[in-house]
Amino acid sequence: MDDPLSFESLLAGAKKFAGLALQAHRDRDDEVFVLHTGVSIERLMKAALTKTNPVLLMESGAVKDDRTLLHFAGLRPHTERVRTVSASAALARIRSAGWLTRDPELDELIELRNGVVHLGPTEAESADVLATFGRTTNALLARLGIAPADYWGNQYSVIEISLNDQLEKVERDVKRLIEQARHRYRERTRGFPLEAVQALRDRAVVTGLTPPTERDGQFAVGHVVCPACENPHAAVMLFTHEVESEHAAAVDRRESYAGFTCTLCELPLATIEYAEAAGIDVMDAQLPEAVVAVARNAIKEFLKVLQVLPLPQKPPQSVSE
């Protein structure tokens, strides 16, 4: 049976949980993302420690136990459950060795992970937990002589985007969302024959939409090509009470933006800024004039009804004696 505390086992576990963390981030499951991120970093730190010397995995109080000491030194098996240092203690040793510098966002990530384990809050104050995860992991990989592309696999581009300081925040977020959507689409169509994939794209018409916004109102749907999976039936939603016609001015369409959806890759573009950063021009959306007209007529009919309704009667005034 493989030693779970060996360098190979710890590295394999770190890589496994890194993949699960990125999948959870792609699926917008913050709690699972934080949990797996913390586990991945902890195992990678312990892999770095054990590669240098397995004794570095020992808890400080366990040094008095010769059986544990001999086990970590590789001199004798230990039949009891072996405890290793905590993530915080492992991080302290890593920093003392000079392999990682002090990083408040990494400390926050470890605390977030502990919060999930103990049913605490998971909301991060740091600007980008994924960037902290990628930056810390890559630093440890450099120490171990492992190429980041080999470690991250087909999610490497997501990490590269997250660590690109030259990009503005919106552009970085959108590029990452597109890469994650492409990954999701590839997973869904893996193993499909080309004919089945084409049939899927041909039938990817969006129906029964709800705009991903807190604002209420009637909206029209215009089709555009998805910037992630090239689905020709992706949809831009525009509020009809803010856009008067299919040929409305660009500024009107920007202000009427209600959301974007693609049924094939589920690319989320919640704001007009995100849509434009993804290369979508709302003027390219082909609005069905009939839908817009129906919505406008429905509003007009509602106003007519209001006009013919009887006005509420005022209560009679009391006559003072």
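The crossing of helices α2 and α4 is left-handed, a term used when the near helix is turned anticlockwise from the far one by less than a right angle, with clockwise counting as right-handed. Helices here are DSSP runs (H or I, at least four residues), as are strands (E, at least two), and both are numbered from the N terminus. The structure is a predicted model, in which local features need pLDDT of at least 70 and side-chain atom pairs count only at pLDDT 80 or more, while totals for chains, interfaces and linings use all residues. Residues are numbered from 1 along each chain as its sequence is written, and side-chain values use heavy atoms, with hydrogens and water left out.

A helix pair is described by the angle between the two axes and the distance between them. The axes of α2 and α4 come within 10 Å and cross at roughly 45°; axes are lines fitted to C-alpha atoms, for helices over the stretch in contact, and angles run from 0 to 180 degrees between N-to-C directions. The two helices α2 and α4 are therefore oblique to each other. On this scale, angles under 35 degrees are roughly parallel, over 145 roughly antiparallel, 65 to 115 roughly perpendicular, and the rest oblique. From α2, Glu42, Met45, Lys46, Ala48 and Leu49 meet Ala87, Ala90, Leu91, Arg93 and Ile94 of α4, where contact means heavy atoms within 4.5 Å. By class, this contact has seven nonpolar, no polar and three charged residues. Nonpolar covers Ala, Val, Leu, Ile, Met, Phe, Trp, Tyr, Cys and Pro, charged covers Asp, Glu, Lys and Arg, and the others, Gly among them, are polar.

Helix α2 (residues 30–52) also packs against helix α1 (residues 7–26), with axes that come within 8 Å and cross at roughly 160°. Helices α1 and α2 are therefore roughly antiparallel to each other, and their crossing is left-handed. The residues of this contact divide into 14 nonpolar, six polar and three charged.

Leaving aside neighbours within four places in sequence, Leu44 is in contact with Leu11, Ala14, Thr137, Leu140, Leu141, Leu144 and Tyr151. Asn138 lies in α6 and counts as buried at 18% relative accessibility. Beyond residues up to four places away in sequence, Asn138 touches Pro148, Trp152, Ile159 and Leu163. Ala277, in helix α12 (residues 272–277), is partly exposed, with a relative accessible area of 39%. With neighbours within four places again set aside, Ala277 is in contact with Val170 and Val174. Ala277 and Val174 are 103 residues apart in sequence and 6.6 Å apart in space, C-alpha to C-alpha.

Key: Buried < 20%, exposed > 50% of the residue type's maximum accessible area, 1.4 Å probe, protein only.
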